[in-house]
Amino acid sequence: MADCIFCKIAAGEIPSKKAYEDDQILAFYDLDPQAPVHILIIPKEHISSANELTEENGPLLGHIFAAAAKLAKELGLEKGYRIVNNCGEDGGQTVRHLHFHLLGGRSMEWPPG
Ligand code: 5GP
Ligand code: ZN
């Protein structure tokens, strides 16, 4: 989609530090990391937000979560991790291309224990 920053990253028109890529998805490091590991996982196909998902996207979502689990294993997140999706304005979504944040390498427990 024209003027979508994550479509441009998926197409290689804007550089990113890649963590994983295949024909369906791209995982790349967030520019402003909120944890020692902060990766964004996106479908290469433009989907604006989780609000646009349908039953037909089930295999894509399974693929994204399987890739997250594989990355977590490769990156040593054996103590766990968080996957976040911000959806829409009130959900805090700033980039209107579906993405999942994979966060790890520190405790996400709240209140800190
Ligand atoms: P959202 O707030 O939409 O859930 O998350 C968007 C995320 O994309 C933010 O964490 C932000 O740091 C990240 N981001 C925005 N623009 C870029 C970019 O050009 N490159 C990378 N690697 N991350 C970006
Ligand atoms: Zn897009």
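User: In this predicted model, which residues have the most contacts inside the largest nonpolar core?

Analyst: The model is a prediction. Its largest nonpolar core has 16 residues, and those with the most contacts inside it are Ile25, Ala27, Ile39, Ile41, Leu60, Ile64 and Leu71. Two or more residues of this core come from each of β2 (25-29), β3, α2 and β5 (100-104). The largest share, 6 residues, is given by α2.

User: What does Ile39 touch, leaving aside residues up to four places away in sequence?

Analyst: Among the residues that Ile39 touches are Ala19, Ala27, Phe28, Leu71, Leu75, Phe100 and Leu102. A second, separate core of 10 residues includes Cys7, Ala10, Phe28 and Val95.

User: What makes the arrangement around the zinc ion (ligand 2) tetrahedral?

Analyst: The zinc ion (ligand 2) is coordinated by Cys4 (SG), Cys7 (SG), His46 (ND1) and His97 (ND1), at 2.0 to 2.3 Å. Four donors count as tetrahedral if all angles lie between 85 and 135 degrees. The 4 donor atoms here subtend angles of 105 to 116°, and the arrangement is therefore tetrahedral.

User: Which parts of the chain do Cys7 and His46 tie together?

Analyst: Cys7 belongs to helix α1 (residues 5-10), whereas His46 sits in the loop between β3 (37-43) and α2 (58-74), so the pair joins parts that are 39 residues apart in sequence.

User: Why is Cys7 called buried, and why is His46 called partly exposed?

Analyst: Buried means under 20% relative accessible area, and exposed means over 50%. Cys7 has 10% relative accessibility and therefore counts as buried. His46 has 24%, so this residue counts as partly exposed.

User: How do you know that the pair of Phe6 and Phe28 is edge-to-face?

Analyst: The count of aromatic pairs comes to 2. Rings pair if their centres lie within 6.5 Å, and planes over 60 degrees apart count as edge-to-face. For Phe6 and Phe28 the centres are 5.4 Å apart and the planes stand at 85°, so this pair is edge-to-face. Phe6 in helix α1 and Phe28 in strand β2 are 22 residues apart, and their pair links distant parts of the chain. Phe6 and Phe28 are both buried.

User: Why is the pair of Phe65 and Phe100 called edge-to-face?

Analyst: The ring centres of Phe65 and Phe100 are 5.5 Å apart and their planes are at 70°, so this pair is edge-to-face. Phe65 is in helix α2 and Phe100 in strand β5, so the pair ties together parts 35 residues apart in sequence. Phe65 is partly exposed, at a relative accessible area of 38%, whereas Phe100 is buried, at 8%.

Methods:
Residues numbered from 1 in each chain as written. Chains lettered and ligands numbered in written order. Predicted model: local features only at pLDDT ≥ 70, side-chain atom pairs only at ≥ 80, totals over all residues. Heavy atoms only, no water. Donors = N, O, S within 2.8 Å, 3.2 Å for Na, K, Ca; no water. Tetrahedral: all angles 85-135°; square planar, octahedral: opposite > 155°, others 65-115°. Helix = DSSP H or I, 4+ residues; strand = E, 2+ residues; numbered from the N terminus. Buried < 20%, exposed > 50% of the residue type's maximum accessible area, 1.4 Å probe, protein only. Core = buried A, V, L, I, M, F, W, Y, C linked by side-chain atoms within 4.5 Å. Contact = heavy atoms within 4.5 Å. Phe/Tyr/Trp six-rings, centres within 6.5 Å; stacked < 30°, edge-to-face > 60°.
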